[in-house]
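Reader: I have a structure open and some questions about it. Can we go through them one by one?

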Amino acid sequence: MPSFATHPYASFIQEIEKPARYVGGEWGQVRKPWDRTRVRICLAFPDIFDIGMSHLGTRILYAELNEAPDMLCERAFCPWTDMERALRERGLPLLSLENAKPLSAFHVVGISLQHELVYTNVLTLLDLGGIALRSSERADSDPLVLGGGSVASHPEPVADFFDAFVIGDGEKKAAEVARRWVEDLERGVGREERLRHLASLGGVYVPSLYEHRFDARCGREVVDRPRYSEAPLPVVRATVPELGMFPTRFPTGGPEAVFDRLSIEIARGCSQGCRFCQGGMIFRPERERDPATIVECVLQSLAHSGQDEISLTSLSPADYTAMAPLVAQLSHHPSLSHVALNVSSLRAYGLDDPTLDEIRRVRVSNLTFAPEAGTQRLREVINKNVTEEQLLETVRRVVRRGWERIKLYFMIGLPTETQEDVEAIVQLTSRVRAEARAARESKGRSVQVTASASTFVPKPHTPFQWASMVDLDTVKEKHRRIVVWAREHKVDIKMHEPHGSVLEGLLSRGDRRLGPVIEDAWRAGSRFDGWEGNVKWGIWLAAMERHDLQLIDYIKEIPNEATTPWSHIHVGVSEEFLRQEWEKAQRFKHTLPCLRPADPASKSDKLVCYHCGLDCDLEQAARIRSQRMSAPVADRAPAAMVASCDTVQYRFCYEKIGRASLLGHLDMVREMPRIMRRAGFAVVYTQGFHPKAMMGFGPALRLGVPSFEEYVDVKMQELANPEEGLAKLNAICPEGIRFVRMVRLPDKAPSLVQAIGEARMLLGIDPSAVEARGGVSWLKERLGELMSSESLPWIRNHKGKERTLDLRPWILELRMGTEDDAVRMSEAGIPGSWVMVRLHHALTAQGSVRIDEVVALMGEREALPYRAVRVALTKTGGRSVMPSAEALGVEVL
Ligand code: SF4
């Protein structure tokens, strides 16, 4: 493994917000030998690390592709604006996390498109990755830029930036595409012919192989015909008929992801048939993962990651046929006693009482309900299968079980919406809140009910694909009224910023003419348009105007017989079915979920089907359904947690250097229990609704400062063989973390905070800054002056408040370092040459000196460029915080 000191970002990355996002090194990352792996793929996610690491598709592809011995798959994420700036200033490319290679060095760069507001980030990835923005400008040896994800089903606005798109389920197709691309490359086949070969694989759309024309009825450019016989029309999506094991290994131990838990996909697709929902249409039919496979995935994933929270995920988890037995089995499994179980449910009213009991047993979190519309009439229009009574009844059930926070999701601007429907959003929120308060056992217990209202965007491949979208002024007016009504009813309703929704409406049903608009907006500074409040609306309007395009032409109703910019992509569901559903919506007609009996309570084998264009095997579906419904529910005796009376406390000393120095203190607090669980240690948890691993940490270390000596105390079951335990720990750590020693603490041992009283640091000062002030002799003299000062007054600014302190009592020693100290800097992952200084300082209950302050004192109150390393934490007087073997009468490892 190359030292982190040689990483191209090592000299500046600690100055960037959340620097660990950009350098990898997590436990479970796959770093294969670059030169000896034939097919090299980078998954470049068009949003930041924190979002991308929560994305199930990335997780599936990373595992699938890395499983193939001839392939390596690495990750890159769109840099946040500070990192983009830093890279551009230094002329550095965006690098992959694993082997630190620029995107342009890979054979294939795969970009997952989860929503349209990432389009400008796609251009950032390509540009910083060293890849020409447009497919037509790419040379023979350039990577294949391959799109995927749900937005690839209507990709015309970004068609010019991609070489090809995988349509549908990508996990098998991506490997096939990458392998074919590299095989052809090795045979010397030209780029265009290679693209034609990809188009013939099926499930692959290559935009450059098609002619397009303006369609007057649609008012947009549409794909006309293929230019080559290999290019199919329509392009039919790829599907995975059966879901096998969900990947159980994925990098963990980096900075916090937005969904910092173990998510397991229990089903793909959805049978509810909500008419606004693209996922519910394009991922049909609903495919459930077998419950035994899910349990196996959960156990293996938890053992690998050390996580303590699982989320069972799908578009509608409450519809999973065997949810009750599955939840019962998971929550009573002996290995999962401390594990919190979540169901990422937007239909919590589908969960039965025992299942709700199981979910709340370990940890209570938020519950979300998505009635989407305030009135029953509008819920019929959108085909949302929930009545107000069902919603209120579920609210009573969950509040009685201890849930304290309920979130409601609504949409405004739905087809046929009236003022009464908008007002009903506020009224329904108010009734839910009243119901929740009435269901509390005690008046003192707080139950929080909040609602959010987003703006409806008509999405391609849904029954509402032809509907008009409300314009910006209308959205603002609806928001204004909701604010007034919400104030009257004293309810809390959050409205999403409208520009993002309208931009999403434009890009969702856009055509190829929007490519130059996206590029202009990006060049003018648009980034992260999907982030709330981030849309620079003026830039987008100016770009539209420059290309003589009108927003209204893209958000108005489309005649339902017109060819659309996505008609050439066939996602499985027929246009005829969508048209029928669109007409039923206008007649307020409800459609029952398919693949279930018409009456959910009946034992009938006859399942509902609308012949939507897919060819579901209803007999087989009925057979599987009946097996899963009759699966026995596990014994309901809860699994035992580790009892604190049987446990002991260990003190561990560890290094945190190189990449790990870029993890913050809170990252370590989050990761340490997972490290211990991965090593198989039975850690003790606190009691209550929010159990926490019982651990104590030493003083926080500044982000970016490596340390050769950190400490953590852990309460856990006694280890039979501590030496083996230490080896196990070091086998499962993120890069840069290494456990050095451990000792069992005597009862009532002082905590780390009480024990630690001093720290020793190495400070490397920039040689040119020292030279400019008179060289090493000046520095030596300066250190002497500081040490002989009786007081060192300093004005410290904390959150805008100034306080005058005397730093001198905290500085125990300040002197020139040695050549060996410079070697230690490099071992810690800090590149470059430095003039070394040793700092020994006190850590007291009243505080301590900060490194910045010491360096500023050295520079006569001017900042000197420097880097620092912590080398030791000790008791006051320099004694070790690890009890000695003699003191304990035990062996210290
Ligand atoms: S074919 Fe029938 S059962 Fe299958 S997804 Fe379509 S409507 Fe549902």
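Reader: Which residues do ring pairs link into a cluster?
Author: Ring pairs join Tyr650, Phe652, Tyr654, Phe681 and Phe739 into a cluster. Rings of Phe, Tyr and Trp (its six-membered ring) pair if their centres lie within 6.5 Å; planes under 30 degrees apart count as stacked, over 60 as edge-to-face and the rest as tilted.

Reader: What am I looking at, and how are residues numbered?
Author: This is a predicted model, where local features need pLDDT of at least 70 and side-chain atom pairs count only at pLDDT 80 or more, while totals for chains, interfaces and linings use all residues. Residues are numbered from 1 along each chain as its sequence is written, and side-chain values use heavy atoms, with hydrogens and water left out.

Reader: How many aromatic pairs are there in the whole structure?
Author: The search finds 17. In one of them, the rings of Phe45 and Phe77 have centres 6.4 Å apart and planes at 50°, so the pair is tilted. This pair links distant parts of the chain, with Phe45 in strand 1 (residues 39-45) and Phe77 in strand 2 (residues 71-77), 32 residues apart. Strands (E, at least two residues) and helices (H or I, at least four) are DSSP runs, numbered from the N terminus.

Reader: Are Phe45 and Phe77 buried or exposed?
Author: Both are buried. Buried means under 20% relative accessible area, exposed over 50%, and partly exposed in between (1.4 Å probe, protein chains only).

Reader: Which arginine lies over the face of Phe12?
Author: Arg90 does, at 4.1 Å from the ring centre. Arg824 lies over the face of Phe708, at 3.8 Å from the ring centre. A charge sits over a ring if NZ of Lys or CZ of Arg is within 6 Å of the ring centre and within 35 degrees of the ring normal.

Reader: New topic. Where is Arg134 found?
Author: Arg134 is in the loop between helix 4 (119-128) and strand 4 (144-148). Arg134 counts as buried, at 17% relative accessibility.

Reader: And what does Arg134 touch?
Author: Leaving out residues up to four places away in sequence, Arg134 touches Asp160, Phe161, Gly515, Pro516 and Glu519. Contact means heavy atoms within 4.5 Å.
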